[in-house]
Amino acid sequence: MALTLYVDTARWRAHHKHVQEQFPGLVPVCKGNGYGFGHERLAEEATRLGADLLAVGTTYEAARIKDFFGGDLLVLTPYRRGEEPVPLPDRVVRSVSSVDGVYGLVGARVVIEVMSSMKRHGISEQDLPQLHQAIENVRLEGFAIHLPLDRTDGSDAVEEVIGWMDRLRAARLPLHTMFVSHLKADDLARLQQQFPQTRFRARIGTRLWLGDHEATEYRGAVLDVTRVAKGDRFGYRQQKAASDGYLVVVAGGTSHGVGLEAPKALHGVMPRAKGVARAGLATVNRNLSPFVWGGKQRWFAEPPHMQVSILFVPSDAPEPQVGDELVAHLRHTTTQFDRLVDR
């Protein structure tokens, strides 16, 4: 009895190939929990795609994944002097976002990140004159720019990249490779046409692994079902049942990521109103679970436990049976499954 991730493998891999065709020179990204699939599985899929370079989030991830992927590894988190040294092979490429960081990586393979409108980290335009001497003692693999997902000011992502290409060219810095993130396929084609001497490589994670929502599905197995009457007490806190129904124990708890949710940016009146409504319900211990039964998302009977959740299913719904599986709408990047089943 488990929380299972089911994968329509043929469909999933067909989507990978489609993305790869749209983005020549694609660099798959495997970071965090491996987008819900795990590092080992995504390393296998990247190898299947023929990728020569796989991007990971941290040096610790690079140390774990190096045994599963035989190509080069690009660490996306920028190097900082004083960081804990992690033994890594020469095929690991480090990102750098400061002139000082470049000087700290003598002899290493590096990609230099420039500051985008994300304003997260990167080399500034004022830093460019200092880079000439700094890059003499490293093996420069290229520059990189990480762009925002939304552009609410109406600005053009391609123009932002062009602006940096012009600055780098004016500074007479080598422009053989530019790594980019969060561009559309036609955006990449425009850039490649305008700068034919530069190879543009898109670093893609979410769109590659999670772009086809119909290719994957989480399901939690029903472990127990107990009938309750209105007023019956149950659970750790001995709350009273609000009506007749069933307490359904389903695989999937906090250790799997059930009940955990990353903050969302809300745009528009309706999403904000729904957010306020959910917050109001939570203050009276009414929290909607990710599990679906009888065509509806069901309420948590109480906060999820470590490995299971207890749901309340009203008596007018079909009675779940032990061994049934409930579809679960879970976020891949915060979920840890018990097993993965290819089908």
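A contact, as the word is used on this tour, means heavy atoms within 4.5 Å. The model is predicted, so local features are taken at pLDDT of at least 70 and side-chain atom pairs only at pLDDT 80 or more, while totals for chains, interfaces and linings use all residues. Residues are numbered from 1 along each chain as its sequence is written, and side-chain values use heavy atoms, with hydrogens and water left out.

**Whole chain**

Begin with the protein chain, whose C-alpha atoms fill a box of roughly 75 × 45 × 40 Å along the principal axes. Its secondary structure comes to nine helices and 18 strands, where helices (H or I, at least four residues) and strands (E, at least two) are DSSP runs numbered from the N terminus. Of its 343 residues, 46% count as buried; buried means under 20% relative accessible area, exposed over 50%, and partly exposed in between, with a 1.4 Å probe and protein chains only. Among contacts between residues at least 6 apart in sequence, 67% join residues at least 24 apart.

**Val322**

Select Val322, in the loop between strand E16 (308-314) and strand E17 (325-328). Leaving aside residues up to four places away in sequence, Val322 touches Met1, Val222, Leu223, Asp224 and Val225. For Val225, which is 97 residues from Val322 along the chain, the C-alpha separation is 6.7 Å.

**Trp12 and Trp209**

Next, display the aromatic side chains, among which the structure holds three aromatic pairs; rings of Phe, Tyr and Trp (its six-membered ring) pair if their centres lie within 6.5 Å, and planes under 30 degrees apart count as stacked, over 60 as edge-to-face and the rest as tilted. Trp12 and Trp209 have ring centres 6.2 Å apart and planes at 45 degrees, so this pair is tilted. The pair links distant parts of the chain, with Trp12 in helix H1 (residues 9-22) and Trp209 in helix H8 (residues 206-210), 197 residues apart. Trp12 is buried, with a relative accessible area of 1%, and Trp209 also counts as buried at 1%.

**Helix H6**

Move to helix H6 (residues 157-170), whose 14 residues should span 20 Å at 1.5 Å a residue, in agreement with end C-alpha atoms that are 20 Å apart; the expected span is 1.5 Å times one less than the number of residues. At the start of H6, a side-chain oxygen of Asp156 reaches to within 3.0 Å of the backbone nitrogen of Val158. The buried residues of H6 include Ala157, Ile162 and Leu168, and the buried residues of this helix pack against elements including helix H5 (128-134), strand E7 (139-146) and helix H7 (185-194). Then select Arg167, which lies over the face of Trp164 at 4.9 Å from the ring centre; a charge sits over a ring if NZ of Lys or CZ of Arg is within 6 Å of the ring centre and within 35 degrees of the ring normal.

**Two positive phi values**

Most residues other than glycine have a negative phi. Arg172, which follows H6 in the loop between H6 and E8, has a positive phi near 60 degrees. At 72% relative accessibility, Arg172 counts as exposed. Finish at Tyr35, in the loop between strand E2 (27-28) and helix H2 (39-48), where phi is also positive, near 55 degrees. Tyr35 counts as buried at 6% relative accessibility.

Methods: A polar contact is a pair of N or O atoms within 3.5 Å; within protein, one must be able to donate a hydrogen and the other to accept it, and residues adjacent in sequence count only if both atoms are side-chain atoms.
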